[in-house]
Amino acid sequence: MRRIVYKKQEAHFKLLIKQKCRASFELFCQQLVANNTFDLPYKIAAGKIRKQTVLQSVKNSNGQYTNTIEETIQTIVQALFSTDDSTQETHVQRKKREAVNTYSSTILDKHFTKQEITYAISTMKKKKAPGIDGISIEIIKELHDMNPDILHYTHNKCLELGIFPETWKKGKLIIFNKPGKDPSLPNAYRPICLLSVLGKILGKLLVFRITHLLHKNNRLHKQQHGFRNGRSCETANFHLWQAINIALQERVPVTLLSLDVQGAFDTAWRTSILFQLTQANCPQNIFNLVRNYFTNRSIHYFQDEEVWNFDNQRGVPQGSCSGPLFWNLVMDAALDLPLPQGSHIQTYADDIIVVIRGKEKEEIETKGNAILEKLLAWGAEHNLSFNIQKAFQMSITFGGRLNLRNPPIISINNHTIQVVNNIKYLGVTWDCCLTFTKHFKALRDKTDSLTYKLSTLANEFYSKRSGLFRKIYYGAIEPYLLFGVEAWGNRLKLNKIRDSLNSLQRRPLIKMESIHGHVRDQIGRNCACHLSANPHHFCRWVCS
């Protein structure tokens, strides 16, 4: 009798444990995706979880492998962060440095307002890692809400004195492996610097003022699509298509050049940035603050109890809010270069694309080499160089105007630029025939992979919350399918392309919304209604 009672109580106890475990896991899943649908489950499925960096021995400049962590970090930092050697400057560069050192203006910009500071804080993302001081944006926001006079006084004092506090110039260095790169090479690592939030707020205030100055003086170049209001990857691809389409309408040969500035953000010459500000007639107090902002910067790498400190003499500060704007100041000088007629140049940050059209292949060769000579001279003037391994040429063979077997010969630094049949530009794969076949194949493969991975995670993380799948579809999958439509939208005239894209949007909807057996019928009907009501949802959107 006692054994029977014991067995019943044991079974009941095990049932309670299982129920509590299920309830606890359900609560965990609910909390995990309550505020952000694209949290851990989506990141796991989409492969957005970064692996922890494992440092090993790397080759130094002498070809020898490092023996200690300190040597490894020092070798990587030397490879990623250049030094500023003023003794190697040309006459033109020395004149620029002199102009910067002697710049004087009677114009003074007004003090920062509390509204500007509040807006700067509101634009900063939450839950981001703080700098060395450990002060997060959440703490700063609470402080500013309680007493806005503190930041208002502090940042205006910095503007008045032209001094950027030394503690805000220190960056905490984090190193990540580049996927698919040889870890024994120092360039196989990507650096990220965590800066003080207080310094980032002051940097944002400088960005607001300098952007207004450049806009007022009409110095924001329209062909720069990176980090500009009203500009994006989509506008860049659209303008590229427009430039190519001009040649197609004129029925003349056309070729593309894709160029990459080597270590652009990390090697930008700060004197060049300051010189561009002098050309824009920058107010003296803003200029003084920016000049001090660039001096005595340092990066610090933490490993257990050890800390290694390094000077940061060149480049725009990693992780800063002002870095993209300062880089664009330098790049806009390249966009202002006088180019041969029939040429088009545009950039997205440090990615340069040149479209060259001419009546015949020889004319394209002449124009292309002339353009590269100008760009090389611009790079030499600003202490920048181009990565020859990442320079490509793609001749448009559509209509038989050019042939890949006999393409135009264009050289950079006496190296003939490699000719390819496709170029990936800002997420869109362009091919020489303008069919975008490879791009559509990549869309299908990635959509299928993401759909499958989300399906396998569904029962674990999204049980009884099937509505979240629709958010994932509209927030991640459909925007990915639509990305670059400004470039390939004309292909929708073909039934084959329209049917292929419609099948791509149908598959994830059916798969993800019919996973749960207990709601399969109801969701299946909802899915059918959605597809019947919107059979060409984004195709009609594109055509309109």
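Predicted model: local features only at pLDDT ≥ 70, side-chain atom pairs only at ≥ 80, totals over all residues.
Residues are numbered from 1 along each chain, and side-chain values use heavy atoms, without hydrogens and water.

**The strands.** Strands (E, at least two residues) and helices (H or I, at least four) are DSSP runs, numbered from the N terminus. Two strands pair if DSSP finds at least two bridges between them.

| Pair | Sense | Bridges |
|---|---|---|
| E3 (254-260) and E7 (351-357) | antiparallel | seven |
| E3 (254-260) and E8 | antiparallel | four |
| E8 and E11 (418-419) | parallel | two |

Leu256 has Met394 in E8 as its bridge partner. Gln393 stands opposite Val419 in E11.

E3 is mostly covered, with seven of its seven residues buried. Buried means under 20% relative accessible area, exposed over 50%, and partly exposed in between (1.4 Å probe, protein chains only). Val254, Leu256, Ser258 and Asp260 point one way from E3. Thr255, Leu257 and Leu259 point the other way.

**The patch.** Lys390 lies in the loop between helix H14 (361-381) and strand E8 (392-395). Lys390 is partly exposed, at 45% relative accessible area. Arg50, Lys181, Arg190 and Lys390 gather in a surface patch of positive charge. Patch residues have over 30% relative accessible area and no salt bridge, and like charges are joined within 9 Å. A salt bridge puts a side-chain nitrogen of Lys or Arg within 4 Å of a carboxyl oxygen of Asp or Glu.

How values were computed:
Patch = residues over 30% accessible without salt bridge, like charges linked within 9 Å, V, L, I, M, F, W, Y side chains within 5 Å. Areas by Shrake-Rupley, 256 points an atom, 1.4 Å probe, with all protein chains shown as cover. Lys, Arg positive; Asp, Glu negative; His and termini not counted. Charge placed at Lys NZ, Arg CZ, Asp CG, Glu CD.
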